[in-house]
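Me: I am new to this structure and would like to learn how to read it. Please take one feature at a time.

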Amino acid sequence: MEPITFPDVGRALRAPDGFRYDAVATASAPSRVRALEEIVRATVESGDQIHFPWLSTRAYAALFEVVRQARSGRLRGLTVISASLRAEVGLLVASGGVDKLVTSFAATTYPAVRPNTILAQAIRDGSLEVEEWSILALIQRVLAGALGWPFVPAATMDGTDLPVAAGARPVRTVLDPFGEAECTVMPALHPDVALIHCPVADWHGNGVVFPPFAEDLHTVYAARKGVILTADHIVAPDELRRWAGHVRVPAARVVGLAQVSFGAHPSASPVPVRVDGAAGYGEDYRFLAELGRLRTLEEAESFSRRWIDPPARASYLGRLGRERIEHLVAMDLDESWRIDELDAEPIPADVDSVTLGERLAISGARAMQTLARRSGARTVVAGAGLSHLAAALGRTTLLDDGYVVDLVFESGVVGYIPRPHDATLSNTRNLPTARHLGSTLEVLGMLLPATPDSTIAVLSAGVLDSHGSANSNRTPSGHFLVGSGGSTDIASRVPTVAVVAADPRKFVDTAEFVSYHGAKVAVIATDVGHLSRSDDGYVLSAWFKDVAAGADDALARIRAATGWDVRLAPDAEQLAAPSAAELDYLRAIDPEGNLIG
């Protein structure tokens, strides 16, 4: 092919410098690069609302700097806003500077989801307030703030006990001006400051963030003061033009930019495209496990002295060590799960020894397969924990029969295939397998209501009642548990399989707190068998033949576990014992037994 040449116009271009976009043209762009400690000190004040959004990468270095300045006594009365908080909540509580959380989920998440004891104690003794929303509701409130709307509809929380806030319930009922129905609305949310990390930014403050966007970056425009931005790698403004399509943080909204190597640690920072000088990295599960083991304020204090108080970034990275950092960088490479495969010991599929977790995952998978075939589902939303493994196993079993469904994670990951050796739902090594990467607003706020007849979900629950409604927000004594996360929004939209152990502690007649409404809970998958919704309540529709001696035995077990007057479905069937193939799959994904036991 001949190269394209352009004719010489024969005259000089008027004002030629006005059309340049190279390094010379952008050299005068002011640099916003400063030390992170200086930016936080100049921007964050006592009483501020700080947004720490859940993204593909998270601004942990900035959050830890806020914690450090709170520990020094400079910051008091802070509110931290985030759709999802992990074990770092213990450090926020121990800092003495945080009085309130606004969230949908706050728990220790690794190696498995459980209540955070430091958080729970702070709530019980009254030193911390938690305002509870669903994930979608919190995202929509920030979006409304970004758009300048005073309020926004809150439909997915209808029929639940959310939201929860001190004083008057922060939602109102109004008449739809374009119809005759009433609708629930909630106020816009305007944080004072947003903390965002990105793999690469230019020195002017334009930041690149890669999908999935999860909670998304609406806070960039909603935050009153603007964004404190950290970046692993800083380039000249003209260099950033090649990634302009990935810039989600405009310099106009950045109050300060700090170059912080591994500024997202211990979270991941995926870099799916080649960026010269910038490398992605995976989540540091070892660090998250250490965070998760903190049970008291004294333990959080000791951890903070070691990891938070030293201001030099070099000392932080030095404590991580070169070998650990190299492993985290390798985790962002496609097919990096094969590194773990080299060290893995083969686990034989002993079908005579099945854990409770394995049986629950298999029960959920089989219920999902039946519901998918019956409804013609094309999409399956996977919840956290065992429900994720159930959905993953159900997908691969359906695929063996030539039936294809897309797995969806609420962060915006659509059509992914779980990789071996990591049962974590947010495993970034699954991202290269996805067919679409979007956001939580796109999945929960758009995809689900647009596909109610072709999407189903597999979710977990703390406690279920006889109406199928779930409680993941409160313990039996009424204290905060972990929060509803996205389950409120998912179960309100699509038919759902709830995966719950047949344990009297897991079932009540009527839930004291409703995290998600049970109207669309089609099947309850237990380790004894399946309960399917009927016109007269739930009926036993299937039971494991290796658990119960027969239908009557299975029915007696289910009645004892639930306390409900469960009947036997006319077409009830036996379920085969867990197979070697099912166990092989589960043990390949979760070889350490973090979820399956």
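Me: In what order do the three strands form an open sheet?
Reply: Strands of a sheet pair through backbone hydrogen bonds, either parallel or antiparallel. Here the order is 5-7-6, with antiparallel pairing. Strands are DSSP runs of E with at least two residues, helices runs of H or I with at least four, both numbered from the N terminus; two strands pair if DSSP finds at least two bridges between them. Strand 5 and strand 6 are the edge strands, each pairing on one side only. This is a predicted model: local features need pLDDT of at least 70, side-chain atom pairs count only at pLDDT 80 or more, and totals for chains, interfaces and linings use all residues. Residues are numbered from 1 along each chain as its sequence is written, and side-chain values use heavy atoms, leaving out hydrogens and water.

Me: How many bridges join strand 6 to strand 7?
Reply: Four bridges join them, and strand 7 covers residues 182-187. Within strand 7, Glu182 stands opposite Leu175.

Me: Which strands does helix 6 touch?
Reply: Contact means heavy atoms within 4.5 Å. Helix 6 (residues 135-147) packs on the sheet and touches strand 5 and strand 7.

Me: Is Thr160 buried or exposed?
Reply: Buried means under 20% relative accessible area, exposed over 50%, partly exposed in between (1.4 Å probe, protein chains only). Thr160 counts as buried because its relative accessibility is 10%. Thr160 lies in the loop between strand 5 (151-153) and strand 6 (172-175).

Me: Which residues does Thr160 touch, not counting residues up to four places away in sequence?
Reply: Thr160 touches Arg169, Thr488, Val514, Ser515, Tyr516 and His517.

Terms used: Axes fitted to C-alpha atoms, helices over the stretch in contact; angles between N-to-C directions.
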